[in-house]
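Good morning. Please have the sequence and the model open, and we will go through a few places in turn.

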Amino acid sequence: MELLTKELIQELLAAVQSPCLSLYMSTDKTHPENLQDIIVFINLIHQMEESLAQKYSAGEVQKYLEPIKDMVHNENIWNHTLNGLAVFSGEGMFKVVRLHKSVEELAIVADSFHTKPLRQYLQSLEHFHVLCLTLHDIRLFEGNRHSLTEIELTIGTPKTINEALGDELTEKHSIVESYGGIGGDSTPMHHGHGGKKEETEKDAERYFRIVANTIYKLYSKPSGWPLILAALPEHHNLFQKVSKNPFLLPKGIAINPSSVSPDQLAKMAWEIVEPEYNMKLDSLIARFEQARANGKGSDDYKEVAVAAVGGRVDTLIVEADRIIEVRITNLMTGNTQKKHLSNPKVDDLLDDMGELVIKMGGKMMVLPTEKMPSETGLAAIFRY
């Protein structure tokens, strides 16, 4: 299993040897519902098999599909699914990615990997992390406007103060923690043998610093997502002080995180993120509208394709669930031609165009249908 990071997407985009096989599907975390996952998976394999057969011999088709077919009998994968699964297979490359978000079923064989759903998943416009921190342990969630899912912390992430400090923990002194209550209503309770406040404060500061550095290195930096701290009011200032994480939002959730459900936590987190999300989205759409009015923007895919191959696209906005079965046939002129997606050389035009824009130093944003500033599936802001 691979951890979804910007580096993984770059690795997928760098693949040059075709065919590139991309598979996306939603999965179920519960039994017996997850028994249907393998059936869906096999059906998607059949779609790729039909696509490959248009160009390759029977022996070649089986060779290309073998790594993916081997997954059918891999119980470790199907017994530990989340909400979605993405699989990428090509010459010298095989990646399996578990996703905390459901995705549309998709099986594509093309000259490049289909990465648009991953780019939408990683972009920081509406995704975020929530760090639940107490003096005893931590929990990390990832979420968006719709849901909040706990992350299984990777090896190397200290889950408790004992793991973080080890032999450096001042065991003979008390740990100060607050129990129950919400916000300022919680009451600090001291327990232990020594009761030396200075030593426990030093332990807390060292613990918070280790947690802050680890979360930044393993989660915030690779994803670029905002980080929201959920902790007792008295812990926020100290954590903000020791953290060097530029993605940590100044406003957090002042609460004992153990006292609320994930659903309540998700609602509180989105109340913090939503104003910033709406501001960024409004700014992006306003930029496009102004650019189009000035002749420096377009929502016509033929015009955008010409601009993309010429390196003129600064920002490309594409619709998440739209598939345009068109191929850029000439990377010098930007000429396009309608092709069926079952063709083993054809991917979604929006995915191909996004890949091209990124390689040319531009940016790509993937938006849900209701947020798109056009009805054509794309909108581009040109450099000139």
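I will start with a term: a residue is buried when its relative accessible area is under 20%, exposed when that area is over 50%, and partly exposed in between, using a 1.4 Å probe and protein chains only. Helices (H or I, at least four residues) and strands (E, at least two) are DSSP runs, numbered from the N terminus. This is a predicted model, in which local features need pLDDT of at least 70 and side-chain atom pairs count only at pLDDT 80 or more, while totals for chains, interfaces and linings use all residues. Residues are numbered from 1 along each chain as its sequence is written, and side-chain values use heavy atoms, with hydrogens and water left out.

First, helix α1, residues 6-13. Which of its residues are buried? They are L8, I9, L12 and L13. Seen down the axis of α1, these buried residues fall within an arc of 140 degrees, so they line one face of the helix; the arc is that of the directions from the helix axis to the C-beta atoms. An α-helix has 3.6 residues a turn, so residues three or four places apart point the same way. What do the buried residues of α1 pack against? Their partners are β2 (84-90), β3 (93-99), α5 (116-122) and α11 (349-359), where contact means heavy atoms within 4.5 Å.

Next, T315, in strand β13, residues 313-319. T315 counts as buried because its relative accessibility is 2%. Its side chain and that of D314 are joined by a polar contact of 2.7 Å. A polar contact is a pair of N or O atoms within 3.5 Å; within protein, one must be able to donate a hydrogen and the other to accept it, and residues adjacent in sequence count only if both atoms are side-chain atoms. Setting aside neighbours within four places in sequence, T315 touches L284, R287, K363, A379, A380 and I381. R383 is 68 residues from T315 along the chain, yet their C-alpha atoms are separated by 8.4 Å.

Then S220, in helix α7, residues 197-223. With 0% relative accessibility, S220 counts as buried. The side chain of S220 makes a polar contact of 2.9 Å with the side chain of N245. Beyond four places in sequence, the contacts of S220 are I215, W225, L227, N245 and F247.

That is the tour; questions are welcome.
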